[in-house]
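Subject: Structure handover, with notes on cavities, a helix and a sheet

Dear colleague,

Please read them with the coordinates open.

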Amino acid sequence: MKFSTQTIHGGYQPGNGEPSQLPIAQSTTFKYDSTADVAALFDLSKAGFFYTRLGNPTTDAVERKLAALEGGVGAMLTSSGMAATLITILTIAKCGEHVISTSSIYGGTFNLFAVTLKRMGIEVTFIDQNADDATINAAFRDNTRLVFAETLANPALDLLDISRIARIAHEHGLPLAIDNTFPTPYLCRPIEFGADIVVHSTTKYLDGHGVQVGGAIVDSGKFNWSNGKFPEFTTPDPSYHGLVYVDAFHEAAFIVKARAQMMRDLGCSQTAQGAFYLNLGIETLPLRMERHSRNALEVARYLERHPKVQSVKYPGLESSPDHALAQKYLREGMCSGVLSLILKGGREAGVVFIDHLKLVRLEVHVAEVASCTLHPASSTHRQLTDEQLEAAGAPAGLVRLSVGIEDVEDILADLEQALSFA
Ligand code: PLP
């Protein structure tokens with residue numbers, strides 16, 4: 001099946017007389033006939049469901065759909081994008097180990113890495129993703145276990161040279177995990193460019209309607225966990241009666257470990273109802289992403305010409321330094337609906353502009369059908385210093401605009417009237 005067909009038919013194909021739409025298995029647990037059946041499930045020797053924290057038929061169907069859309073061997077839904085990133089890190093790295101992350105990432109992830117992981121004894125070094133190879137190589141240590149980056153960074157909108165960062169990570173025998181939230185697998189499939197793990201905040205375009213917070217992890221199945229750096233994958237897990245993940249699950253070792261160990265212990269699972277909403281969103285993903293991208297390019301071109309606008313960041317613009325990368329990594333160069341701008345009047349003008357918008361909603365959100373806007377420095381990135389704001393690509397005057405799928409003339413008219421006050 002091709003991509004759009006998979007968005008509808010992937011993960012769940014009804015049998016004779018079964019519901020056409022994915023059923024919601026609203027049940028915490030599942031009934032079995034014998035203790036032997038349940039024991040086999042606990043041994044992971046038989047596939048099936050026993051407790052919804054660890055698996056549920058509805059979430060399972062959406063996981064299989066997402067794995068297919070990203071080109072991976074398996075996926076796991078989580079209660080949020082933050083949970084997806086946390087579980088990814090903790091499945092691979094532990095106290096005393098080290099992670100490398102690009103600095104151009106979502107503010108919440110930056111905080112998780114810089115503060116919370118540090119408290120847990122995992123140190124993160126932030127790198128400039130556009131630094132030369134020698135500079136990036138210098139960040140690696142003997143105890144580094146993972147490289148993390150964002151395809152299209154929120155809110156900096158820097159586009160990652162995925163193949164290059166994957167090559168560098170692999171030269172050090174380490175996996176590359178990529179947050180692919182903004183492009184979604186419709187616009188970019190990072191695994192095809194060398195990423196080993198893909199994470200999502202499904203709260204954004206995958207859902208697309210702003211109804212359910214959620215996350216997902218997809219395992220490419222391509223990373224060699226037996227290269228000597230990951231003994232937790234190749235030696236018996238005492239918390240799972242001696243299971244050796246690579247021996248038992250081969251190319252799916254990472255995603256099984258993420259579920260069997262981390263989801264079991266941390267419990268940040270998605271609900272069946274939440275997975276159902278996500279599935280509905282995914283069914284229209286290609287149509288929405290095309291419209292978001294087309295509208296955003298038109299808005300970006302309009303803003304770029306506006307006399308009150310100092311700069312516009314959108315990789316779809318021919319003037320963008322990332323334009324060539326967009327042509328390489330994003331389907332037909334489509335860059336999603338998110339762009340950012342800085343007004344000539346700086347922080348104050350940005351605030352006045354936002355406060356006068358009528359159609360475009362002021363929301364702590366992004367990537368949904370309705371156009372919305374946010375001032376990162378006073379909201380999502382509020383905890384960062386001015387230097388960290390610069391490093392994260394969100395200087396104090398930056399306004400983030402998430403262009404929706406309304407008629408673009410209405411969006412442009414609203415921007416025009418609000419800019420007249422700024
Ligand atoms: N990654 C990116 C790129 C995001 O934009 C966000 C949230 O805005 C997250 C991760 C965190 O996801 P969630 O809010 O679903 O926990």
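A cavity here is a set of points, on a 1 Å grid over the protein atoms alone, where a 1.4 Å probe fits but cannot get out, and its lining residues have an atom within 4 Å of a point. Grid points are joined across faces, edges and corners, and a volume is the space filled by probe spheres set on the points. The model is predicted, so local features need pLDDT of at least 70 and side-chain atom pairs count only at pLDDT 80 or more, while totals for chains, interfaces and linings use all residues. Residues are numbered from 1 along each chain as its sequence is written, and side-chain values use heavy atoms, with hydrogens and water left out.

Searching the whole structure gives two cavities of 30 Å³ or more. Helix α7 (residues 162–171) contributes the most to it, with three residues; helices (H or I, at least four residues) and strands (E, at least two) are DSSP runs, numbered from the N terminus.

The largest cavity, with a volume of about 70 Å³, has 13 lining residues, of which Arg 53, Thr 59, Glu 63, Leu 77 and Arg 259 lie nearest its centre. Two or more lining residues come from each of α3 (57–70), β1 (74–78) and α11 (253–266), and the lining as a whole divides into four nonpolar, six polar and three charged.

Of these elements, α3 is mostly covered, with 10 of its 14 residues buried (under 20% relative accessible area, with a 1.4 Å probe and protein chains only). Thr 59 and Glu 63 are among the buried residues of α3. Gly 71, with a positive phi near 80°, follows the helix α3.

Elsewhere, five strands form an open sheet with mixed pairing, in the order β8-β9-β12-β11-β10; two strands pair if DSSP finds at least two bridges between them. Its edge strands, each pairing on one side only, are β8 (309–313) and β10 (361–362). Within the sheet, β9 (residues 338–343) and β12 (residues 398–402) are antiparallel over five bridges, and Ser 340 has Arg 400 in β12 as its bridge partner.

With best wishes

Definitions and conventions:
On a 1 Å grid over the protein atoms alone, a cavity is a set of points where a 1.4 Å probe fits but cannot get out, and a pocket is an open set with protein on both sides within 12 Å along at least five of seven lines; lining residues have an atom within 4 Å of a point. Ala, Val, Leu, Ile, Met, Phe, Trp, Tyr, Cys and Pro count as nonpolar, Asp, Glu, Lys and Arg as charged, and the others, Gly among them, as polar. Buried means under 20% relative accessible area, exposed over 50%, partly exposed in between (1.4 Å probe, protein chains only).
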